[in-house]
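This briefing walks through one protein model, topic by topic. Keep the structure open as you read.

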Amino acid sequence: MAWTFGLLLLLWSTLARPAVPLDVLGGGPVGRHASLLLEQASVMSVEEALAAQREGRFVAADAAVPKFGIGAAPVWLHLALENRNAVVQARQLFFGAPWTDRLDVFILREGRVVLQVAAGDGERGLQAPVGSVGYRIEHDFSPGVTEILVRAASADPLVLR
């Protein structure tokens with residue numbers, strides 16, 4: 001029984017992406033540090049997406065800028081960031097392409113949503129893109145690990161940069 005648990009733990013650890021330290025994170029795309037899940041039949045809640053990530057159903061992104069093409073199914077992206085300093089660090093994060101119809105960003109601490117942002121060009125009232133760079137989210141990262149879950153959907157080419 002103990003060897004089964006150890007094998008499952010080893011398998012889970014190979015599927016999960018380690019947290020990326022904020023102090024070594026550059027200004028470029030972070031897709032290779034993320035994991036992804038294509039949404040299947042119905043819209044998933046953030047709780048369902050987080051559970052799927054914990055169950056190992058997300059797969060490692062294989063590109064710095066994951067691309068899914070025109071009419072792709074909605075995609076969930078998971079990224080863990082670690083503030084290894086003892087002080088809060090303010091960061092600006094940019095997601096998606098400016099033509100993305102809907103982008104829901106969830107920032108989580110200890111499995112709970114601490115910030116939620118709805119962006120996109122598909123509906124009125126959503127946060128608008130910043131020029132050609134995509135959607136900007138500002139967040140103060142407390143010491144420790146912060147997780148980011150992003151759900152992106154678009155009839156146009158789906159690009160997560």
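Glu110 is exposed, at a relative accessible area of 76%. The model is predicted. Much of what follows concerns strand 10 (144-153), where eight of the 10 residues are buried.

**The loop at Glu110**

- Glu110 sits in the loop that runs from strand 7 to strand 8.
- Its phi is positive, near 50°, and the residue is not a glycine.

**Strand 10 and its partners**

- Strand 10 is mostly covered.
- Strand 5 pairs with strand 10 over nine bridges, in the antiparallel sense.
- Strand 7 also runs antiparallel to strand 10, and seven bridges join the two.
- Ala152 of strand 10 stands opposite Val75.
- Ala152 is also the bridge partner of Leu103.

- The side chain of Arg151 makes a polar contact with the side chain of Glu39, at 2.6 Å.
- Beyond its neighbours within four places in sequence, Arg151 is in contact with Glu39, Val43, Pro74, Val75, Trp76, Arg102, Leu103 and Asp104.
- The C-alpha atoms of Arg151 and Ala118 are separated by 9.7 Å, and the two residues are 33 residues apart along the chain.

- Ser154 is in the loop between strand 10 and strand 11 (158-159).
- Asp156 is found in the loop between strand 10 and strand 11.
- Is Ser154 buried or exposed? Ser154 is buried, at 8% relative accessibility.
- Asp156 is partly exposed, with a relative accessible area of 32%.
- The side chain of Ser154 reaches the backbone nitrogen of Asp156 at 3.2 Å.
- The Ser154 side chain also reaches the backbone nitrogen of Asp101, at 3.4 Å.
- Not counting residues up to four places away in sequence, Ser154 touches Gly71, Ala72, Trp99, Thr100 and Asp101.
- Leaving aside neighbours within four places, Asp156 is in contact with Gly69, Ile70, Gly71, Trp99 and Asp101.
- Asp156 and Ala73 are 83 residues apart along the chain, and their C-alpha atoms are separated by 11 Å.

**Nonpolar cores**

- In soluble globular proteins, nonpolar side chains tend to be buried together.
- The largest nonpolar core here has 25 residues.
- Which residues have the most contacts inside this core? They are Phe95, Leu103, Val105 and Ile148.
- Strand 5, strand 6 (89-95), strand 7, strand 8 (112-119), strand 9 (135-141) and strand 10 each supply at least two residues of the core.
- Strand 5 gives the largest share, four residues.
- Leaving aside neighbours within four places in sequence, Val105 is in contact with Phe95, Leu115, Gln116, Val117, Ile137, Ile148, Leu149 and Val150.
- A second core is separate and has 11 residues, including Trp76, Phe106, Leu108 and Leu149.

**The aromatic pair**

- The structure holds one aromatic pair.
- The ring centres of Trp76 and Phe106 are 6.0 Å apart and the planes lie at 20°, so the pair is stacked.
- The pair links distant parts of the chain, with Trp76 in strand 5 (residues 75-83) and Phe106 in strand 7 (residues 102-109), 30 residues apart.
- Trp76 and Phe106 are both buried.

**Helix 2**

- Helix 2 covers residues 46-54, and its buried residues are Val46, Ala49, Leu50, Ala52 and Gln53.
- Seen down the helix axis, the buried residues of helix 2 fall within an arc of 160°, so they line one face of the helix.
- Which elements cover these buried residues? Among them are strand 2 (35-38), strand 5, strand 7, strand 8 and strand 10.

Note on methods
Residues numbered from 1 in each chain as written. Predicted model: local features only at pLDDT ≥ 70, side-chain atom pairs only at ≥ 80, totals over all residues. Heavy atoms only, no water. Buried < 20%, exposed > 50% of the residue type's maximum accessible area, 1.4 Å probe, protein only. Polar contact = N/O pair within 3.5 Å; in protein donor to acceptor, adjacent residues only side chain to side chain. Contact = heavy atoms within 4.5 Å. Phe/Tyr/Trp six-rings, centres within 6.5 Å; stacked < 30°, edge-to-face > 60°. Core = buried A, V, L, I, M, F, W, Y, C linked by side-chain atoms within 4.5 Å. Pairing = 2+ DSSP bridges. Arc of directions from axis to C-beta.
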